Amino acid sequence: MADETPWIDPELVAAGQLLQSRGLVAPDRTQAPLSEVRAAVDRIGEFLGEGSVPLQREQDLSLPGPHGQVPCRLYLPDHASRPPLIIYAHGGGFMQGSLPSWDAMLRELVRQSGIAALSVDYRLSPEHRFPVAFEEIVAMVRLAAHEGSGFGIDPQRLAVGGDSAGANLALAAALALRDAGERALSFVLLIYGCFSIDTESPSWQRFGRGAGLSQTQMRWIWETYLERPEQQKDWRAAPILADLAGLPPAHLVVGSLDPLLDDSNRLAAGLKAAGVPCELKVYEGLNHGFIRYGRLVSAARGAVGDCAAALRSLLVA
């Protein structure tokens, strides 16, 4: 009989112990006040990003969206003229996360790919529920396509991406643009996304019962994000429900210990069945949220490098 204890990357274990020793542990979002959860998550992000060197050209922007101005941060690669751009949606369960917490990861992605990034500080739930965040990501992609030359990027070479809840928003935005007949996007980067409402799959049963992203927390996230039960069947909330044909090529990333592993496997299978070029990379011994741990976990650094290589291969002439 095979050993049922999954292998955990020792560097990930050490990183978790280090965070705990510094008191950098987010409270249970289903129990603590949301303001405390958000502040704790931002402190963790600040620690994970320590030592990150800014790019020569970074700029905070306030861009017009369907619900008002949207704060964004533009990262331009050094010594590049009119590079491609990825519009990026951070993770955080639709209800937490901030631009500074993703600085280090996006800087590294930009440096290694030679591609610019626009990090979108979309409105969070429960103050702004579905479909506000989705509509803002769609609007930012359209704005980049129509006005990207003013940012110093090539609006003909665009990608959309995100991690966790951000990957959900990125995939839904790509579907919306396809349905509208807009061919703005050439690539989709999806890092351990929640693409369905399912919290009962085998990977949820195995990896969603303890610390980290739990079934209880994920159910609360969906209850907080969606206003009405029928929205669970809306492809804009659960994009795996959509017809996937005609999407741009996609690169999927997930850890072998992630409760969302089955979501990535199902989406990759669906994309391939729909004729969409797709690569899924599963990183052994890593759990949900690892992409920002590059300072502490070498496998996370490798994953960012793999994402950069995938972007470069599709978008850099």
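Residues are numbered from 1 along each chain as its sequence is written, and side-chain values use heavy atoms, with hydrogens and water left out. Because the model is predicted, local features require pLDDT of at least 70 and side-chain atom pairs count only at pLDDT 80 or more, whereas totals for chains, interfaces and linings use all residues.

The protein comprises 9 helices and 8 strands, assigned as DSSP runs (helices, H or I, at least four residues; strands, E, at least two) and numbered from the N terminus. Its radius of gyration is 18 Å, close to the 20 Å given by the globule rule for 317 residues, so the protein is as compact as a globular protein of that length; the radius is taken over C-alpha atoms, and the rule is 2.2 Å times the number of residues to the power 0.38. Along the principal axes, the C-alpha atoms fill a box of roughly 55 × 45 × 40 Å. Among contacts (heavy atoms within 4.5 Å) with a separation of 6 or more, 76% are accounted for by residues 24 or more positions apart.

Of the 317 residues, 56% count as buried, that is, under 20% relative accessible area with a 1.4 Å probe and protein chains only.

The structure holds 7 aromatic pairs. Rings of Phe, Tyr and Trp (its six-membered ring) are paired if their centres lie within 6.5 Å, and planes under 30 degrees apart count as stacked, over 60 as edge-to-face and the rest as tilted. The ring centres of F94 and Y225 lie 3.7 Å apart with the planes at 5°, and the pair is therefore stacked. This pair links distant parts of the chain, 131 residues apart: F94 belongs to the loop between β3 (85–89) and α3 (103–113), and Y225 to helix α7 (residues 215–225). Both F94 and Y225 are buried. A tilted pair is formed by Y283 and F290, with 5.8 Å centre to centre and 55° between the planes; these two residues are also buried.

Within α7, W222 and Y225 are buried, as are Q215, Q217, M218, I221 and T224. The cover over the buried residues of α7 includes α4 (132–147), α5 (165–179) and α6 (202–207).

Technical notes: Buried means under 20% relative accessible area, exposed over 50%, partly exposed in between (1.4 Å probe, protein chains only).
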